[in-house]
Amino acid sequence: MSKLILRRAGHTGEEMLLNFGPQHPSTHGVINFIVDTDGEVMKKAIPDVGYLHRSIEKIGEVTGYPGFMPYTDRIDYVAAMFANEGYAIAVEKLLKVEVPARAQYLRAASCELCRIASHLVSVGTMATDIGATTPLVHALRERERINDLIEALCGARLTYNYHRIGGVAFDMPTGWKDQVLAFLDHFESMLTEFDRLITYNEIYLKRLGSVAVIPRELAIDYGLVGPNLRGSGVDWDLRRDAPYGAYKDFKFDVPVGKGLAGTVGDAFDRYHVRILEMKQSSLIVRQALERMPEGEIMAKVQRKPKPEAGEALSRVESARGEMAYYVVSDGTDKAYRVRARTGSYLAMGIIEDISPGMMIADLVALIASLDVVAPEIDR
Amino acid sequence: MNRTFSKLALWAFLALLVALFLGYFITRVLPDYLPAGRAVPPRLGDLVFYACAAATVAGAAGVAFSRNIVWSCIGLLIALLGTAALYVFLSADFLAVAQLLVYIGGVLVLILFAVMLTNRIGEVNVSNQSLGLGGGLAVFAAVAPLLMLVAVLVPWPVRPPGPMAPTTARIGDEFLSTWLLPFEVASVVLLATLVGAVVMARKELKAD
Amino acid sequence: MAPYQPKSDPKWLVALTLAVALTVPFLFPVLILLSMPLAEPSGGGVTLALRWLGNVLGTDLSGPVAHDVGTAVVLLLIAFLFINFGAIFSGICVWWERRIAGRMQSRIGPNRQGLGGFLVWVADAVKFLLKEDLVPAEADSLLFRIAPYFVLTGFALTFVVLPFGHSVVMADLNVGVFYITSVTALVVVGILISGWSSNSKWALFGGMRSAAQVVSYEIPAGLAVFVPVLMAGSLSMQDIIRAQGAAPWDWFIFRNPAALVAFFVLFTSQLAEANRTPFDLPEAESELVAGYLSEYSGFRFALFFMSEFGNIWVMSALATTLFFGGWQVPGMPAAAISALKGTGAWWGWQLVSMAVFAVKTLLLANVVIWLRWTLPRIRIDQMMTLSWKYLVPIGFVCLIFTLFWQLGVGAAPGLELASGVALSVGALFVVIAFFRRVFKNVTDVRGDAIDLSNW
């Protein structure tokens with residue numbers, strides 16, 4: 001395998017071959033980059049994935065439909081709500097079940113809280129990778145509060161298993177709405193402080209501006225999704241352009257990269273889109289909580305659903321971009337095929353193409369700005 | 001065969017060096033300490049001086065004989081440090097510190113830096129192939145007698161050791177009065193080197 | 001559930017911890033002060049001590065051999081004290097930095113061993129001593145082992161000329177400043193060797209980055225140092241301090257507009273030479289694992305860290321000496337203190353001058369620590385650009401401006417005072433504006449009030 005990769009790198013022996021991972025603080029045991037360097041400048045960085053492969057899609061074929069739901073959490077453990085939701089929507093399409101309105105709103109509120117939590121991890125680790133250690137701790141402090149809120153909602157802090165086929169598992173606890181609103185009031189002022197702390201720091205702008213530029217066409221060609229796509233200036237967000245669930249009822253903006261620190265599509269744009277999205281997510285959570293309809297939180301679904309033979313595709317806008325589930329049913333209580341299409345896997349593909357000529361420090365910025373989560377790559 | 005010969009030659013050369021040093025030490029240095037047949041114990045300063053001198057010689061030998069190029073650099077470091085210490089014994093404080101700054105801070109670090117930019121430096125066992133041992137011996141045979149003659153025959157001015165006096169201001173004055181022309185010529189040479197380095201670096205960039 | 005309440009120590013305990021933390025390292029300069037008479041250049045102190053010892057032992061110790069041995073013992077004693085000052089300062093600095101980092105990152109930081117976690121640096125040191133001293137199998141083991149000592153030597157040698165107070169200095173070399181900039185070169189050699197001998201690509205990268213960085217930043221640092229040297233007309237650290245005064249408008253930094261710029265050039269370059277953020281490229285964790293430190297463990301790692309944190313003192317003390325008036329005590333000129341020599345008051349003024357110097361240096365050290373927990377890291381090409389395209393030209397301009405400024409001062413001596421008063425008042429306004437801004441920012445986010453509860 002490594003010999004194959006070496007051949008692809010066009011290694012001539014003049015360069016130094018560097019195994020950037022898997023035992024490396026930036027890739028923490030789950031990814032490896034084979035880097036061909038000429039001093040500080042890279043000739044090429046080739047991602048070597050598969051260190052976290054656990055056959056999750058295959059597991060989907062041997063467990064029942066509801067039984068696979070906890071496994072979806074593990075597809076993206078930083079933003080598990082979206083993985084739950086996508087699978088739930090796909091199976092609901094197969095079963096032709098209508099989800100109650102209150103459950104739709106609860107899904108939107110929990111997903112957007114989860115998006116904030118995920119983006120906080122992303123921007124925090126990005127700052128750490130650029131060398132500033134303080135922003136990560138500030139971001140994690142805010143994420144802890146979100147974890148507390150989600151724990152109050154569904155009892156779990158990381159792998160939620162909250163969305164179920166036909167609705168959500170639990171209703172809001174008493175007083176949860178006020179707690180969330182109080183947190184959002186605090187969080188919006190914290191975002192300003194975060195901007196002051198790191199976003200507009202001169203060194204930070206210089207480190208990220210015009211670095212690892214992904215032009216608009218290249219982003220589309222490689223099928224980038226979510227903040228990575230919007231960072232390249234493509235105005236596309238499923239929540240607005242192909243709304244699902246309760247999203248058609250909300251008003252929000254879709255931030256797009258504008259090249260504030262240099263070129264459109266640079267690492268700073270991808271970072272900044274995430275910062276701006278957190279603000280928008282906070283607005284969506286407020287709207288969802290205010291307009292929350294009364295009613296059921298679960299549709300009538302059998303304990304062991306047996307959908308008719310057929311196939312369904314669902315698409316949700318995850319924190320890492322468009323996440324699609326393709327579920328094929330053969331009429332039994334187990335899926336014939338479950339396939340997840342995730343943003344991180346697509347993002348890894350582009351690294352090899354834009355790495356030549358970058359510096360080693362920029363590779364770290366590139367990986368961090370793509371917000372790659374390893375289990376999303378290896379399902 | 002060739003290997004054994006070069007090893008033998010190396011040892012012979014080392015033995016010659018040691019013999020020369022010992023001979024010089026016994027005939028020229030020791031008598032000063034034995035004025036009337038009574039052994040005068042060396043003072044602290046003398047001991048430090050001989051330690052520094054020995055380190056300088058050992059470091060220089062290390063540069064020449066080490067099979068590992070980084071070890072040669074370490075030898076150079078020791079030799080340069082020893083030289084700086086010898087300057088201190090000559091009451092040349094400014095010169096000693098300038099030696100540290102220029103040779104260790106600048107030249108030695110650049111040499112180490114250049115060595116590490118070489119190919120295959122990732123492997124520790126890069127050896128410094130001592131090429132042309134025969135040529136080296138020939139050069140030694142030509143130069144050594146001359147150096148020895150100079151050391152022995154030139155009537156070196158001997159000053160009694162005095163208190164350390166600051167030399168910085170005097171050096172500055174001399175540079176800007178008596179030795180102004182050589183000083184400026186030296187700076188022009190350095191400027192030319194700088195410009196030349198820039199030109200060479202630019203050419204390489206253009207070739208890319 | 002009640003929110004977690006951190007354990008709160010009484011205020012007086014907090015004050016006591018801080019007092020101890022600030023005092024412990026400075027016991028060593030006090031001991032040095034006490035041993036100064038022994039180390040007088042003429043050797044008079046040693047002779048007296050030997051005579052006394054000879055009387056006690058009942059033998060004659062006035063011979064040259066005894067004198068030499070006595071001198072060596074005294075020198076070793078003083079070197080021991082200085083190295084211990086460096087070691088203990090860096091230990092306590094680690095603790096202090098971790099506490100500050102804790103506060104800046106809204107977490108607690110070490111608070112278990114001793115009051116406010118004060119003894120954590122002792123625990124760290126003991127842990128380092130007990131850890132296995134690992135040498136990689138493919139490393140050049142001898143070079144790998146000796147590399148930390150180069151770094152330590154380069155660091156320890158700076159203490160030879162660093163002043164602590166009016167008369168507390170190991171040797172007031174007349175090439176003092178020049179000496180400091182040159183011995184730090186040994187640190188680079190050590191780092192380069194450690195990077196190479198580890199036989200690890202990360203370590204090699206770290207070593208190369210460090211060498212490139214230190215070689216580049218030595219030049220602007222040297223240029224900036226020459227500004228106060230020109231103003232004082234001497235290379236000796238003590239002479240430079242004596243040429244300044246105790247009041248802010250008598251400090252070199254304000255007496256000459258170019259010196260203000262030169263201070264920032266020097267401070268930036270010193271950060272780079274000490275591998276501190278934002279110039280921590282040689283050990284950039286997210287890029288190079290730990291750079292040249294990657295393969296080190298145990299006590300050798302501790303030696304690297306000791307010199308790294310001790311360097312905070314060295315760089316702050318150098319800046320204090322060159323730009324902030326050193327140990328000059330307000331209301332007590334240096335000459336007046338010298339005149340008191342031989343009386344009890346002289347000892348008292350020595351202590352006061354040491355306190356003044358320590359306070360100034362520690363304030364600067366806090367700025368260094370504060371920067372580390374605020375700024376991201378710059379990239380290697382930006383690091384080079386900053387040095388060669390900005391700092392070096394600025395340094396040259398400062399140097400040339402100072403030459404003309406000194407000519408101007410020769411013609412109109414009031415120039416220095418005018419500049420000193422104007423710039424120090426300006427600096428005061430900047431400081432006030434800074435604190436107002438910080439206060440506003442804190443109230444904007446409804447941040448916590450300043451409290452000591454997490455001690």
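## Chain A: overall build

In chain A of this predicted model, residues 24 or more positions apart account for 70% of the contacts with a separation of 6 or more. Chain A holds 15 helices and eight strands. Its radius of gyration is 21 Å, close to the 21 Å that the globule rule gives for 379 residues, so chain A is as compact as a globular protein of that length.

Along the principal axes, the C-alpha atoms of chain A fill a box of roughly 65 × 50 × 35 Å. Of the 379 residues in chain A, 52% count as buried.

## The three-stranded sheet of chain A

One sheet in chain A is open and has three strands in the order E6-E7-E8, with antiparallel pairing. Its edge strands are E6 (310-318) and E8 (335-341) of chain A, each of which pairs on one side only. With direction ignored, neighbouring strands of this sheet are turned against each other by 15° on average.

Strand E7 (residues 321-329) of chain A runs antiparallel to E6(A), and nine bridges join the two. Within this pairing, Glu317(A) stands opposite Glu322(A) in E7(A).

## Chain C: overall build

Chain C has 17 helices and zero strands. A compact globule of 455 residues would have a radius of gyration near 23 Å, and the 24 Å of chain C agrees with this. The box filled by the C-alpha atoms of chain C, taken along the principal axes, is roughly 70 × 60 × 50 Å.

Of the 455 residues of chain C, 49% count as buried. Among the contacts in chain C between residues at least 6 apart in sequence, 78% join residues at least 24 apart.

## Contact between chains A and C

Chain A brings 30 residues into contact with 27 residues of chain C. On the chain A side, at least two residues each come from strand E1 (16-20), helix H5 (101-130), helix H6 (134-154), helix H7 (176-199), helix H8 (202-208) and helix H14 (360-370). By class, the residues of chain A that touch chain C divide into 14 nonpolar, nine polar and seven charged.

## The largest nonpolar core

In soluble globular proteins, nonpolar side chains tend to be buried together. The largest nonpolar core in this model has 259 residues. The members that touch the most other members are Leu363(A), Ala365(A), Ile104(B), Leu108(B), Val189(C) and Ala319(C). Helix H8(C) supplies the largest share of this core, 17 residues.

Not counting residues up to four places away in sequence, Leu363(A) touches Phe33(A), Val35(A), Met42(A), Ala45(A), Ser355(A) and Met358(A).

Technical notes. Residues numbered from 1 in each chain as written. Chains lettered and ligands numbered in written order. Predicted model: local features only at pLDDT ≥ 70, side-chain atom pairs only at ≥ 80, totals over all residues. Pairing = 2+ DSSP bridges. Helix = DSSP H or I, 4+ residues; strand = E, 2+ residues; numbered from the N terminus. Axes fitted to C-alpha atoms, helices over the stretch in contact; angles between N-to-C directions. Contact = placed C-beta atoms within 7 Å. Nonpolar A, V, L, I, M, F, W, Y, C, P; charged D, E, K, R; others polar. Rg over C-alpha atoms; globule rule 2.2 N^0.38 Å. Buried ≥ 20, exposed ≤ 12 C-beta atoms within 10 Å, placed from the backbone. Core = buried A, V, L, I, M, F, W, Y, C linked by C-beta atoms within 7 Å.
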